[in-house]
Structures are given as C-alpha cells and as structure tokens.
Amino acid sequence: SLALLPLRISSMRSMLKMQRVQPQIKAIQEKYKKYNIKDPRKQEMNKEIWAIQKKEGVNPAGGCLPMLIPLILIWPYYRMLAVIIDLRHAHWLWITDLSARDPYFVLPTLLVISMIVTQRMTPQAGIDPAQQKMMNLMMPLMMGFIFYNLAAGLNVYYAETNLIQIAQQAIM
C-alpha cells in the first residue's frame, strides 16, 4: 500500500481538480441540454468542456487509471495463494488456514464496510447523485459477494489495503 501511495495521491489530485471544474461543466451541459445527441451543436459542447479541462489541467481518466495497477496486482496475489504451500494451514487470529475462506466471514464484512467508508470519503465529481448513491452501496456489496468465498489471505490483504487507504485519505 505504501508503494502505491504516489498513485493514490495522483488519483486524488485529479479527482479534486475535476470536482473544482464541475460547476463550469454543468453550466455548459445545461446550455446545450435542449439539443438532441445527434445535433452537431453537441460537438460544440464537447469542445467547450475539453477546453475547460485543458485550461485547468484536468484529465477525466486521471482519477481512475492510477487505480488499475492495484487491481492488476490482486490477480497474481490471488493465484499465488492458490498454490503456495506456506499459507496452507497458516494461522492468523481466528483463521486456521489463510489459503481457505474466512470461516466466520469477518474479513468480507470488513471489506464491504471499509469500501463504503472509502467511497464516501472519495471526491466523486461529475456523477449523478442517484448514480453516486447506487455506486456507494452496490460496488462494495458486489466486491463483498466476490470476496465471500476467496482465500482469507487475499481478504486480509484487501481489507488491510482499504484500511490504510482510509487513513491516507483522511490525512490528505
């Protein structure tokens, strides 16, 4: 998590920049709202939005792209847990085998709660409030469902990463 801190900082900066220009973008979208999506004047709207983003140094994908690297790291870690002998029957607190699922589902629950907290702390510029509300709940629940039967070692890693990210975000 500490090695990925520069990516997290970059992502946060990008999201905060996007949040700052959001009122201007909303005003432009409101101005062009009456036109059909196929209307050539909609291209003018896109040009105006791109001009504002360029002027302010905002990259619309800058908040998301740096966060793909941690996702890329999870897959090899998951595969490693399936084959590493050292984690089989390795104890950690209440867990008797880090290569098996959490018997009491504490870690998947902690994962869901920590993701909800993280999403509420993250600036989410340009998102419809209804969509934001759904994402703040649905994404953590979906991840909890995915991690429900995965190895406890992976759940420990992911929950620990989320807790560190919450601390980092609170400091930022």
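**View A. Tyr 148, a partly exposed ring.** Tyr 148 has a relative accessible area of 36%, so it counts as partly exposed (buried is under 20%, exposed over 50%, partly exposed in between; 1.4 Å probe, protein chains only). The model is predicted: local features need pLDDT of at least 70, side-chain atom pairs pLDDT 80 or more, while totals for chains, interfaces and linings use all residues. Numbering starts from 1 along each chain as its sequence is written, and side-chain values use heavy atoms, without hydrogens or water.

**View B. Aromatic pairs, with Tyr 32 and Tyr 35 as one of them.** The count is four aromatic pairs (ring centres of Phe, Tyr or the six-membered ring of Trp within 6.5 Å; planes under 30 degrees apart are stacked, over 60 edge-to-face, the rest tilted). Tyr 32 and Tyr 35 are tilted, because their planes stand at 50 degrees, with centres 6.0 Å apart. Tyr 32 is buried at 10% relative accessibility.

**View C. Phe 105 on Tyr 148.** This aromatic pair is stacked: 4.6 Å between centres, 10 degrees between planes. Phe 105 sits in the loop between helices H3 (68-83) and H4 (106-121), Tyr 148 in the loop between H5 (129-147) and H6 (152-171). The pair links distant parts of the chain, 43 residues apart. Phe 105 is partly exposed at 21%.

**View D. H1 against H2.** Helices H1 (residues 5-31) and H2 (residues 41-56) pack at about 160 degrees, axes 10 Å apart (axes are fitted to C-alpha atoms over the stretch in contact; angles run from 0 to 180 degrees between N-to-C directions; helices are DSSP runs of H or I, at least four residues). They are therefore roughly antiparallel (over 145 degrees).

Key
Helix = DSSP H or I, 4+ residues; strand = E, 2+ residues; numbered from the N terminus. Parallel < 35°, antiparallel > 145°, perpendicular 65-115°, else oblique.
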